[in-house]
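The following explanation is meant to be read beside the sequence and the coordinates. Please keep both in view.

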Amino acid sequence: MAHESTTGKAQSSGARVAVYMPAYEPKKAHIRAAVESVRAQTCTDWTLFINDDASMREDTQSHVQDFLTDPRITLKRNERNLGIGGNWNACWQSSSPPPAGEGLGERGLVAFLFHDDLWEPTYLEKMIAALDLHPSAGFAAANHTYVKEGEVPAAPFYEELQRFVHQNITPGLHEHHEFLRWWISRGFKPNVIGEPSFVVLRRLLMEAVGPFNASMVQFLDSEYWARCLLKADWVYVPEDLGKFRVHPASMSAVNEGLGRGVFERFQTLQTVVADLPPEERSVGNTAIVNALSGMIGQYFARRKQGKQVKGHGNSGLRAFVLCHPLLTLCAIIKWMMEKRQRN
């Protein structure tokens with residue numbers, strides 16, 4: 001069994017930004033470049049906490065050993081593999097937060113950077129400035145580019161996402177109720193806020209929202225942003241302030257094709273709509289009907305193609321169908337009508 005270990009000095013709780021780097025089987029060149037991009041920040045008021053999720057093939061400690069002489073950088077290894085969401089949670093929940101204070105921003109900021117992503121040198125400086133300018137914003141998200149490595153069959157997915165964000169998301173502050181209603185109406189498609197590597201959150205907001213949903217694989221970041229939007233505004237920084245590496249084996253578009261994302265999106269809609277004020281739930285229920293209709297269509301499409309139908313999420317789906325027969329009937333009717341139109 002892998003043992004938990006901590007290398008480097010303990011993180012200073014006085015830093016403005018706690019940067020968390022969840023790592024799993026990181027390539028040496030990738031993780032070193034990621035750490036270097038943190039060290040190159042024009043804002044130097046940060047601590048970096050690298051949390052290795054019990055890697056077996058890659059020696060994470062060896063890869064970053066020379067960086068650990070910097071008192072701002074700490075490395076820890078999980079005793080066992082926690083998975084994607086579990087490791088994200090282990091990052092920010094196991095480190096010491098800044099001292100408690102009064103006001104939304106008094107307990108500092110939290111930033112994630114995946115071990116194979118990169119920040120531009122002004123990333124933290126500009127994200128902090130955006131949050132300081134908009135005190136009601138609980139988090140800020142930055143535009144970024146995608147670096148494709150190897151064969152990327154779903155490259156158009158990322159290009160379409162970038163075009164959509166450019167055309168639909170205005171720079172600056174977004175009021176959370178209004179934005180959440182719009183995003184719900186689209187069934188949380190696409191993830192316009194983006195990957196955690198390019199989002200900076202107020203720690204107080206994270207403490208109020210709670211941990212990431214570690215049972216999810218594909219949709220856990222969107223699900224978390226949706227829960228954040230139940231409580232706080234957000235601000236969009238349109239500059240390209242980082243690079244996200246795209247790997248064919250772990251792309252969101254590929255996972256979507258496996259059907260996992262559809263179940264997780266449906267689960268997210270249920271969770272968020274249940275927390276909406278009663279007068280706003282009609283928009284949410286319409287989105288749920290659309291999502292359930294899409295799930296029905298995908299199920300039969302995969303069966304027709306002879307592909308395996310994943311069972312993840314079926315128990316939650318069955319519970320929903322039993323509790324909401326009218327919405328389920330509406331979804332079936334919608335699917336049948338759309339099928340008839342296509343034929």
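The text moves from the whole chain to single residues.

This is a predicted model, in which local features need pLDDT of at least 70 and side-chain atom pairs count only at pLDDT 80 or more, whereas totals for chains, interfaces and linings use all residues. Residues are numbered from 1 along each chain as its sequence is written, and side-chain values use heavy atoms, with hydrogens and water left out.

The chain has 13 helices and ten strands; helices (H or I, at least four residues) and strands (E, at least two) are DSSP runs numbered from the N terminus. Of its 343 residues, 50% count as buried, where buried means under 20% relative accessible area, exposed over 50%, and partly exposed in between, with a 1.4 Å probe and protein chains only. The chain exposes about 16,100 Å², of which carbon and sulfur atoms supply 54%; accessible areas come from the Shrake-Rupley method with a 1.4 Å probe, and for residues only the protein chains shown count as cover. A contact means heavy atoms within 4.5 Å. Among contacts between residues at least 6 apart in sequence, 82% join residues at least 24 apart.

Which side chains make polar contacts with the side chain of D233? D233 is found in strand β10, residues 233-246. Its side chain is joined to that of S136 by a polar contact of 2.8 Å, and to that of H176 by one of 2.6 Å. A polar contact is a pair of N or O atoms within 3.5 Å; within protein, one must be able to donate a hydrogen and the other to accept it, and residues adjacent in sequence count only if both atoms are side-chain atoms. D233 is buried yet has no salt bridge, and the nearest side chain of opposite charge, R202, is 9.5 Å away. A salt bridge is a side-chain nitrogen of Lys or Arg within 4 Å of a carboxyl oxygen of Asp or Glu; Lys and Arg count as positive and Asp and Glu as negative, while His and the chain ends are not counted. Leaving aside residues up to four places away in sequence, D233 touches several residues, among them G138, F139, L173 and E175.

Y146 is found in strand β7, residues 137-148, and is buried, with a relative accessible area of 12%. Its side chain makes polar contacts with the side chains of H144, at 3.4 Å, and E195, at 3.1 Å. Beyond four places in sequence, Y146 touches residues including Y158, L161, F244 and V246. Y146 and D117 are 29 residues apart in sequence and 9.5 Å apart in space, C-alpha to C-alpha.

The backbone also deserves attention. Most residues other than glycine have a negative phi, and most peptide bonds are trans. A54, in the loop between β3 (46-52) and α2 (60-64), has a positive phi near 55 degrees and counts as buried at 8% relative accessibility. F188 lies in the loop between α6 and β9; its phi is positive, near 60 degrees, and at 1% relative accessibility F188 counts as buried. P190 is found in the loop between α6 (176-185) and β9 (199-202), and a cis peptide bond joins K189 and P190, with omega about -10 degrees.

Finally, the structure holds zero disulfides, a disulfide being a pair of cysteine sulfur atoms within 2.5 Å. C43 is buried at 14% relative accessible area, and C228 is buried at 0%.
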